[in-house]
Amino acid sequence: MKLKVISLAVGMATLLVGDVLGCTGLLVGRNASVDGSVMISYSADSHSLYGELYRWPAATWPKGSLLDVVEWDTGKPLGQIPQVERTYSVIGNMNEYQVAITESTWGGREELQDPDGIIDYGSLIYIALQRSKTAREAIQVMTDLVKEHGYYSGGETFSIADKNEAWVMELIGKGPKRKGAVWVAIRIPDDCISAHANQARIQQIPFKDKENCLYSPDVVSFAKEMGYYTGKEEDFSFAKAYNPYDFGGLRACEARVWSFFRKYDKSMDKYADFVKGDPAKEPMPLYIKPDRKLSVQDVQNCMRDHYEGTDLCMMQDIGAGPYKVPYRWRPMTFEVDGEKYTHERAIATQQTGFVIVPQMRNWLPDEVGGILWFGVDDADMAVFCPLYSSILASPECYRVGNGDLLTFSWTSAFWMHNWVANMAYHKYSFMIEDIRTVQKELENGFQQAIPAIDKAALELYEKDPAEARQFLTWYSTTTADQATARWKELGEYLLVKYIDGNVKKEENGAFKRNVYGMPESPHFPGYDEAYYRTIVKDAGERLKVN
């Protein structure tokens, strides 16, 4: 029997600052979180990714079954591998045992890609989720897969977490005709946070710490063989050997990590010159101890970052336009009078397919403990809906086949969020206030409901775990579909309120009418003084009133 892995494109990236499409991942240890959760996050950023939710049911396979492996980014068939006897259910990037895996691509040294490898980075994630009960087991599964079948993709950083611990693993192939990969995995201390964003981050490897550090035996010797490193083992840096820093890797990638870290450690500003593009400066640590504990809402909001509060803030220069838009259309680099320039690349970006915050809770049964907070499109304007990891179906709004990147659907969360976001990109400073109101209304409502949902699910679980899963499926799917319907209402409201650059007048939650029932004349807000000054500077003499 042959089994086909459903194709899901996740964000690939290069380290060229002009074309960084890749992903961002944050990690929070259980003692660094408010409630003892382990949390990670992921924005799957790609201009060609449709935001939908995949589910693999648990299954038992006949002896001799084969799994067809398909490259996630292109749909290219890569080969077949033996299927295991038992696979676990998976919803998105989280399985029924509260194991979650995400990634960010850094590519690294091109000569280390193996065109004959069978396992690409996407297959590593979703096959491992179907075969692993813990993060450590997932690391073993992933590294065994590439050792046995070869690794097809470029360099990757993976977040691998379960209800007790979180790991960062970095991995790159060995090149043509050399099956396998070199890799290192480091456990993030329970009281710390970490992050990665399309740049290898692991520096020196604590080889003697067998409990918290796992690695391929040849991780150093292979680098020496290839001429990437000549020093002592204790001074070896995985990142510098396999993904050397350049301007793009710092400014477009490490800067995103810095922006997250500095929210929870005031000393991180000392790395400002490093992340702005100076490889000679001291690199940032893999993880830090935060000055306060993080909630799931904190992690969600960190995924909405545009460098606010820093001199990289994307709403400060003329590129933001008159309505302070924290986005720049691609390409990221441009040239003027022979000089090259770059736009900033923030955590929140317009070309996101889906964004998630997996939350793992070890004090609850697995059927109740895992929540995949799932949103689609730009993280800044996404709504994180709670999907319990044991659910038996996908919501209609995220269902595979409900629209696609070339087919609009009024019941697709991806299309409703893109509709709203693409209106907001043209009048951001106005519309974001209305968007935040509804976003908070929904997300605060979810947070308030979760304790009651947990309690009801636990009561059902004690009688019949299957009944608990049915209940959580109902809650998760209903909540997501209702949130999408609410977002559609928001889009209708925004279109009416801001049509033609005007702003409708409101009173007591309704648009104002005059005494005869006709719409009142709207506000004409125009632009702010700073933008008027740019107009005068550029065309003032022509526009000047005599």
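Author: The dialogue below takes up a helix, backbone angles and ring contacts in turn. Please bear in mind that the model is predicted.

Reader: What span should helix α2 have, and how far apart are its end C-alpha atoms?

Author: Helix α2 covers residues 135–149, and at 1.5 Å a residue its 15 residues should span 21 Å. The end C-alpha atoms are 21 Å apart, which agrees with that expectation.

Reader: Which residues of α2 are buried?

Author: An α-helix has 3.6 residues a turn, so residues three or four places apart point the same way. In α2 the buried residues include A135, A138, I139, M142, L145, V146 and H149. V141 and T143 are also buried. Just after α2, G150 takes a positive phi of about 90 degrees.

Reader: Which residues other than glycine have a positive phi?

Author: Most residues other than glycine have a negative phi, and most peptide bonds are trans. Q98 is placed in the loop between β11 (94–95) and β12 (100–107), and counts as buried because its relative accessibility is 0%. Y307 is another, with a positive phi of about 70 degrees; this residue lies in the loop between α7 and β19. Y307 likewise counts as buried, at 0% relative accessibility.

Reader: Where is there a cis peptide bond?

Author: A cis bond joins R330 and P331, with omega about 5 degrees. P331 belongs to the loop between α7 (296–302) and β19.

Reader: How many aromatic pairs does the structure hold?

Author: There are 33 aromatic pairs. One of them joins F260 and Y264 edge-to-face, at 5.9 Å centre to centre with 65 degrees between the planes. F260 is buried, with a relative accessible area of 1%, and Y264 is buried at 3%. In another pair, the ring centres of W329 and Y425 are 5.4 Å apart and the planes stand at 70 degrees, so this pair is edge-to-face. W329, in the loop between α7 and β19, is 96 residues from Y425, in the loop between α9 (413–424) and α10 (428–463); the pair thus links distant parts of the chain. W329 is partly exposed, with a relative accessible area of 48%, whereas Y425 is buried at 6%.

Reader: Which rings have a charged end sitting over them?

Author: The charged end of K174 sits over the ring of F222, 5.9 Å from its centre. The charged end of K427 sits over the ring of F430, 4.9 Å from the ring centre.

Terms used: Residues numbered from 1 in each chain as written. Predicted model: local features only at pLDDT ≥ 70, side-chain atom pairs only at ≥ 80, totals over all residues. Heavy atoms only, no water. Helix = DSSP H or I, 4+ residues; strand = E, 2+ residues; numbered from the N terminus. Expected span 1.5 Å × (residues − 1). Buried < 20%, exposed > 50% of the residue type's maximum accessible area, 1.4 Å probe, protein only. Phe/Tyr/Trp six-rings, centres within 6.5 Å; stacked < 30°, edge-to-face > 60°. Lys NZ or Arg CZ within 6 Å of the ring centre and 35° of its normal.
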